[in-house]
Amino acid sequence: MCSSDLEGGSVKLAQRGVRSVLSGDPVGPDTRYQAASMSKTIAGLAAMKLSIDGRVSLDGDVSLYLRRWPLPALPPGSSKPVTLRRLFGMTAGCNVPGYLGYAAGAVLPDDVQILQGASPANSPAVRIVQAPGSARAYSGGGCQIGQVVLEDAANQSFAALVEHLVLNPLGMSDSAFWQPPPASKVPGLATAHDHDGREVAGHFHAYPELAAAGLWSTPSDLAQLIVAMAKAARGDRTTPFADRGLSEMLTSVDGLGYGLGVALAGSPGDRVAMKRGNNLGFRGGLVACPKSGQGAVVMTNGDGGEPIVDAVLDALARHYKWPARAPWPE
């Protein structure tokens, strides 16, 4: 387990445990974990940044950008469009809550095969099953649509786009959307473990659904996101959240409690952004309190790590009186 918390504008790191139960190698500050659904927060930030740059609209019909895959028909009676804001705000009405990943060595589907549910994808086709804007329903499938929208609009791979728009500006040098990771990077990665503490075969699963689950990162790297949000809350215009960025990310989409890639708590004047991440053999969580400049990231490499994530975040929430408590939402 590794965790980072912020106090007084500085990042403090704590780490316990091993990278692998078989090797016994201890985790270190540079050990990378699968961020799982915390990837959605980075993807939401990329969409927001691309909109600020004038290359997409967060509120326009995504059919305007899609070139490789046609948006499925909306349910009868739908009156609102599928937008990037709704896709990353969990109100687009999409199915496919999450993804299972692929065992080491498996043939991986491409972006469009995932959306189509076509071989070798192991997930169903992504569809719009509720009227957009009518309800909040967690959907990794919606984030997969968002990924393809951003790629088509920018004519660039998602990994390269996010590296340019988010990871490099935030100084997240230990983060990347590697699925699967290069062999040269594997020695620095945490190995996934199941509920019984056994290593997952092949060390971990691959998640080609990058925006939904594909980020490798460290707690200290993800904490840079919290630092940037706190700077923006103080009026600092040097972050990717400059100008309207922070308010865009922390605005409740359709009034249903989710922002761009983050669940929301607190009052409109003191928002708390929260995100959990659960992939096979990895459990993590992020909490950001931009107004106070506080927050924390906890990452573990075991299916049994969820209670640890909740306990650490909840202890910090009580100590610093954050307006949010466990269980931390997806």
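**View 1. Alanine 73, out in the open.** At 65% relative accessibility, alanine 73 counts as exposed (exposed means over 50% relative accessible area, buried under 20%, and partly exposed in between, with a 1.4 Å probe and protein chains only). Look for alanine 73 in the loop between H1 and helix H2 (84–88). Helices (H or I, at least four residues) and strands (E, at least two) are DSSP runs, numbered from the N terminus. Alanine 121 sits 48 residues away along the chain from alanine 73, and their C-alpha atoms are 21 Å apart.

**About the model.** This is a predicted model, where local features need pLDDT of at least 70, side-chain atom pairs count only at pLDDT 80 or more, and totals for chains, interfaces and linings use all residues. Residues are numbered from 1 along each chain as its sequence is written, and side-chain values use heavy atoms, leaving out hydrogens and water.

**View 2. Helix H1 meets helix H5.** Here the axes of H1 (residues 39–52) and H5 (residues 158–170) come within 10 Å and cross at roughly 90°. That makes H1 roughly perpendicular to H5 (65 to 115 degrees; under 35 is roughly parallel, over 145 roughly antiparallel, and the rest oblique). The axes are lines fitted to C-alpha atoms, for helices over the stretch in contact, and angles run from 0 to 180 degrees between N-to-C directions. On the H1 side, the contact (heavy atoms within 4.5 Å) includes Ile42, Leu45 and Lys49, while H5 brings in Phe158, Leu161 and Leu165, among others. By class, that's 12 nonpolar, no polar and one charged residues.

**View 3. Strands S7 and S8, side by side.** S7 (residues 282–289) and S8 pair in the antiparallel sense over seven bridges; pairing takes at least two bridges found by DSSP. As for S8 (residues 294–300), seven of its seven residues are buried. Gln294, Ala296, Val298 and Thr300 point one way from S8, with Gly295, Val297 and Met299 pointing the other way.

**View 4. Asparagine 301, tucked in.** Asparagine 301 is buried, at 8% relative accessible area. Its side chain reaches the backbone oxygen of threonine 191 at 3.0 Å. A polar atom of the asparagine 301 side chain also lies 3.3 Å from the backbone oxygen of valine 18.

Key:
Ala, Val, Leu, Ile, Met, Phe, Trp, Tyr, Cys and Pro count as nonpolar, Asp, Glu, Lys and Arg as charged, and the others, Gly among them, as polar. A polar contact is a pair of N or O atoms within 3.5 Å; within protein, one must be able to donate a hydrogen and the other to accept it, and residues adjacent in sequence count only if both atoms are side-chain atoms.
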